Amino acid sequence: MLGVVATGSREKVNLGTSFDLLHAVEGEQLVLHYQPIIDLTSGLAVGMEALVRWNHPTLGLTGPDDFLPLAENSWLGGRLTAWVLERAVSDCAAWRAAGSPAGVSVNVFPESLTEEWIVGTVAELLDEYALAPDALTLELTERGWPIQLELAGTTMAALAALGVGISLDDFGTGDSSLSRLQRLHFDEIKIDRCFVVEAAERLPDREIIRFTAELAHALGRRTVAEGVERAEDLDVVRRMGIDAAQGFLLGRPGPIG
């Protein structure tokens with residue numbers, strides 16, 4: 001039964017079971033919204049992060065926090081990832097054909113790195129939609145890294161060989177270590193919003209941002225600051241040497257077209 005469950009200060013929407021989510025994938029109930037990623041030197045959008053929404057027939061548009069656990073805790077993670085990948089690659093090819101140079105970033109479940117299908121699927125989609133590989137970036141959150149790190153590293157190397165970008169998302173909040181940054185292929189490090197939203201007032205956050213920028217650049221990685229909502233925090237991440245940023249100040253997620 002659908003309903004609303006109170007969970008502290010936030011009400012958690014009960015969207016049903018994984019089979020309801022499968023019906024949503026197959027029944028065209030899912031949509032993608034995009035949030036721009038802005039280069040802090042040029043001020044131009046260099047990327048668009050694809051964010052999935054469920055246009056629920058009863059509850060209306062719901063965010064990923066309400067239904068991604070259904071996919072993560074079931075057999076649907078790969079199915080949902082494949083759906084988002086195809087839509088995002090298709091949309092990116094369309095806006096590039098219309099003259100926009102922006103690439104697209106897609107969040108994938110870390111467990112996908114231990115599955116054989118993802119490299120072949122990405123290669124097929126890039127070919128089908130005639131999209132340059134460097135226009136696609138796969139974002140992998142620090143949280144919940146797969147146990148089979150050797151296989152994950154092999155998959156990441158294969159994706160990198162295709163020319164696809166790989167981004168470490170939510171940096172500073174999960175399971176990453178300096179040795180993992182050294183061993184695994186990442187093109188980009190995204191600093192979690194918890195270090196950004198009050199950076200203008202908090203010296204420790206500013207120092208973490210500065211250190212991360214210096215570390216990333218020393219390793220040849222790009223940096224993105226997430227959760228930029230105020231002009232003073234944008235000024236901080238720019239002064240700390242961050243390459244790009246995203247957040248409500250720079251653009252809210254929304255549909256394309």
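Select helix H4 (117–128) and colour its buried residues, Ile118, Thr121, Val122, Leu125 and Leu126, where buried means under 20% relative accessible area, exposed over 50% and partly exposed in between, with a 1.4 Å probe and protein chains only. Seen down the axis of H4, these buried residues fall within an arc of 130°, so they line one face of the helix; the arc is that of the directions from the helix axis to the C-beta atoms. The model is predicted, so local features need pLDDT of at least 70 and side-chain atom pairs count only at pLDDT 80 or more, whereas totals for chains, interfaces and linings use all residues. Residues are numbered from 1 along each chain as its sequence is written, and side-chain values use heavy atoms, with hydrogens and water left out.

Turn to the other side of H4, where Glu124, Asp127 and Glu128 are exposed. Along its length, H4 has 12 residues and reaches 16 Å from its first C-alpha to its last, close to the 16 Å expected at 1.5 Å a residue, the expected span being 1.5 Å times one less than the number of residues. Helices (H or I, at least four residues) and strands (E, at least two) are DSSP runs, numbered from the N terminus.

Next, show what surrounds the buried residues of H4: they pack against helix H3 (77–97), strand S6 (103–108), S7 and helix H5 (149–162), with contact meaning heavy atoms within 4.5 Å.

Keep H3 and H4 on screen together. Their axes are 10 Å apart and the two helices pack at an angle of about 20°; axes are lines fitted to C-alpha atoms, for helices over the stretch in contact, and angles run from 0 to 180 degrees between N-to-C directions. H3 and H4 are therefore roughly parallel to each other, given that angles under 35 degrees count as roughly parallel, over 145 as roughly antiparallel, 65 to 115 as roughly perpendicular and the rest as oblique. To display the contact, select Gly78, Thr81, Ala82, Leu85, Glu86 and Val89 of H3 with Trp117, Val122, Leu125 and Glu128 of H4.

Move on to Ala130, which lies in the loop between H4 and strand S7 (136–141). Phi of Ala130 is near 50°, a positive value in a residue other than glycine, and at 71% relative accessibility Ala130 counts as exposed. Most residues other than glycine have a negative phi.

For a second case, select Asp170 in strand S8 (residues 165–171). Asp170 also has a positive phi, of about 55°, although it is not a glycine, but at 12% relative accessibility Asp170 counts as buried.

Now go to helix H8 (residues 231–239), whose buried residues are Asp233, Leu234, Val236 and Val237. They cover an arc of only 160° around the axis, which puts them on the same side of H8. The face turned away from that buried side carries the exposed residues Ala231 and Arg239. Among the elements covering the buried residues of H8 are helix H7 (203–218), strand S10 (222–225) and strand S11 (244–245). H8 is followed by Gly241, with a positive phi near 95°.

Finish at His33 in strand S3 (residues 30–39), which at 12% relative accessibility counts as buried. Leaving aside residues up to four places away in sequence, His33 touches Glu49, Ala50, Leu51, Arg53, Leu61, Pro253, Gly254 and Pro255.
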